[in-house]
Amino acid sequence: MSAQASSSQPSGFGTSGSLSHVYIQYPPLRCKIPGARNIFYDDGTKQLILPTSDQVFCWKTTPFNPNVTPSSDLIGEGPVLSIRYSLDLKLLAVQRSPHEVHIQNRESGDTFSHKCRSESERILGFFWTDSPTCDIVFVKTSGLELFSCSSGTRSLQLAETKKLNVSWYVYTHESRLVLLATGMQCKSLTGYQISSVGIVRLPRFDMAMAKSEANSKPVLAAEDIYIITIYGRIYCLQLDKIAMQLHCYRFYRDAVIQQGSLPVYSNKIAVSVVDNVLLVHQVDAKVVILYDIFADSQAPVSAPLPLLVRGFSRANVAASQLMGQNVEGLEGKDSNYGEIVIYADEWVFLVPDLICDIANGVLWKIHLDLEAISASSSEVQTILEFLQRRKSEANKAKQLCLAMARMIILERRPVPMVAKAIAVLVNCFSLSIKTGKHHAGSKVERSSTTTGFIVNSAIGESINQADTSVKSPKQERGSSMYDKSINKSSSFTSDSEDNVSFAKNRGKSKNVDLSGSEQNGGNLVGTDLSGAEAQPSVVRPQAPGPGSTPLRTDEQQESLVTSAVISPDDLCSFVFAPVEEEMAGDASYLVAIIVEFLHSANLERLKVPLNIYVLMIQLLARNENYAELGLFIMNKIIEPSKEVAMQLLASGRQNFQTRKLGQDMLRELALHHDYVLLLVQDGYYLEALRYARKTKVNTVQPSLFLEAAYASNDSQHLAAVLRLFSDFIPGFKNTTDHQTYSRSLAEMNTVVTA
């Protein structure tokens, strides 16, 4: 939980133990090929592509594996301005000039081309789609042209055109959204979402741009626009270098709403998204700032810290060489510990979470250090909310949440503060149940009825229910993580990033810029079933129109859905039980914490594990707080069960009233067999016999009653018990018990007579 622990491993260059919240892990994926002309990134198939004079080499980047072996395809000689594989990997399209694109069938080797109709028209770029309307879209200076293409044919069939004067464009496959810039200042944008559910045209909108001088007309560049997808919601970020702000726009079906701005502290920035956390790289300052747009705050998650490289050492390099791994590129930059440059000019950031170092021919993947982030803030409730939303490292996030919960209890933080932290965990778990996100192995139950929760003033001061960032559907507006409006039946599984060329002399075409993303599962324009939409942290928007619904994507469907949520059983087993063993002295503090946990669970109608009630009884009995224990039982704060009754009986050995509560609970629960055994063990065997006859309990062995009567040394009682069993149990006189205790009775009578 400490910052030192999080950085004990080799964490960065220059200093050992350097702190960072974001890092890239050594080794990277190496993609250096002799004779390579350029590096491209295809977001449709998640491939890094290097063309040479007559072939292309491709590395899969998902899942990220530094040792992945590249595949290759032969292509004809000629320039390569852009290159993309079709989503089914059967076709390969290569842009040879601003006027011509060649399409090659990978199986047959057949090639055909698409050319501009006029010399004045230019192809700015193209991308493949999963739309039923078309297979490939060409972005031209005259607008969009949508074509269908069959791998068995050698031609394209025009499906639709969108006429528009286009200066440049931005596209991500994750959002299936293409933005077309028009006008003299290129600040008027028109968007089309081309997805598996159809084509949606967004309203035209203008970007806000500050002026450096009164008569100046700044021109918006494609490099200043980023399309990102966070929690399934689609945003556009626009860098305003004059105002030094990063404006945030959210896309709806019938509106584009500006939802606040984030400050920037560098003239050059880059944007990444890691596990739904927005990373704004301040390139000049060489630091990165984290934002959780889901939270209701514009404040960063943590303080700005550098981006570091972890896991690099000379020993790693030597081991790689001994194992025969390709270590080409270690010479120069990363072969020398002190010469590696973070945020080098040759770095190109690929949304969502990759960095390509074109100078060294390596690809890095960005990671969050959840442990360092959790250790950097004293706001426990905020950090718990943040960790509960993490999915990439769900198990680590869960363990950090459990550790934080234990820590604040062991440190005896104020009960209201701990109550709020516990409420965050309970509410997140309840929300995961409601939305079907919980896939834990343990059975999850909800209370069938809402039990009244009364805390008597004698027990302690009542504590208000904690606020959490995971709000109810009416409070939360539009989070795809929890929104029911996502159409899961239309989800996909392939991932992609936009095709990015890393030529140093980049033009306005997004073929050479930051339009990368992933195909997480078909872009959907969802209909909000809850009737409300969640607003992110940067949101201070004017409300969309009454009919507006958010433009969103489905999250990637995973074979095993992981979650950081913590169940009541987890809290009992990994928080309350370990803490009880470590805490000494007065147990009233821990009891107060458990009461607040029960209050939160009751509000969410969650079934509480019986062990938590047993633990409460043990704590109260240890401090001889029998009066409070009685109030908990009478007010149903401790729910009746066999385990609770047995613990009351065990803890009531020194207190008759507590033991009686246990006896009464057994009767209320109709646990007649256990109640009869209890009476026999306490020596009330005659009362046990009467109760057994009344409740028709026939599962208790007669020998128990006979042994108790014999131990009382009362011959009349023993004779009464024998007679009762002989009269009501057929064949009892022929049993060994009857014979044994009849002899014992005769001996007792002989002694009395003598």
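**Close-up 1. Phe 576 and Phe 597 are both buried.** In this predicted model, the two rings form a tilted aromatic pair. Their centres are 5.4 Å apart, with 55° between the planes. Phe 576 belongs to helix 8 (residues 568-582) and Phe 597 to helix 9 (residues 588-603), so the pair ties together parts that are 21 residues apart in sequence.

**Close-up 2. Phe 576 also belongs to the largest nonpolar core.** This core has 113 residues. Ile 409, Phe 576 and Phe 705 touch the most other members. Beyond its neighbours within four places in sequence, Phe 705 is in contact with several residues, including Val 676, Tyr 685, Leu 689 and Phe 725. A second, separate core holds 21 residues, among them Ile 228, Tyr 235, Leu 239 and Leu 278. In soluble globular proteins, nonpolar side chains tend to be buried together.

**Close-up 3. Tyr 231 and Phe 294 make an edge-to-face aromatic pair.** Tyr 231 sits in the loop between strand 20 (225-230) and strand 21 (233-240). Phe 294 sits in the loop between strand 26 (287-291) and strand 27 (307-310). The pair therefore ties together parts that are 63 residues apart in sequence.

Close-up 4. Strand 13 (residues 143-149) pairs with strand 14 over 7 bridges. Phe 147 stands opposite Leu 158 in strand 14. Phe 147 also forms one aromatic cluster with Phe 126 and Phe 138.

**Close-up 5. Helix 12 (residues 642-651) has buried residues.** They are Val 644, Ala 645, Gln 647, Leu 648, Leu 649 and Ser 651. These residues pack against helix 10 (610-622), helix 11 (626-634), helix 13 (656-668) and helix 14 (672-681).

**Close-up 6. His 738 lies in helix 18 (residues 736-753).** Its relative accessibility is 17%, so His 738 counts as buried; the cut-off is under 20%. Leaving aside neighbours within four places in sequence, His 738 is in contact with Leu 722, Ser 726, Phe 732 and Lys 733.

**Close-up 7. Arg 310 lies over the face of Tyr 23.** The distance to the ring centre is 4.4 Å. In another place, the charged end of Arg 390 sits over the ring of Phe 386, 4.4 Å from its centre.

Technical notes
Residues are numbered from 1 along each chain as its sequence is written. This is a predicted model: local features need pLDDT of at least 70, side-chain atom pairs count only at pLDDT 80 or more; totals for chains, interfaces and linings use all residues. Side-chain values use heavy atoms; hydrogens and water are left out. Helices (H or I, at least four residues) and strands (E, at least two) are DSSP runs, numbered from the N terminus. Buried means under 20% relative accessible area, exposed over 50%, partly exposed in between (1.4 Å probe, protein chains only). Contact means heavy atoms within 4.5 Å. Two strands pair if DSSP finds at least two bridges between them. A nonpolar core is a set of buried Ala, Val, Leu, Ile, Met, Phe, Trp, Tyr and Cys residues joined through side-chain atoms within 4.5 Å. Rings of Phe, Tyr and Trp (its six-membered ring) pair if their centres lie within 6.5 Å; planes under 30 degrees apart count as stacked, over 60 as edge-to-face and the rest as tilted. A charge sits over a ring if NZ of Lys or CZ of Arg is within 6 Å of the ring centre and within 35 degrees of the ring normal.
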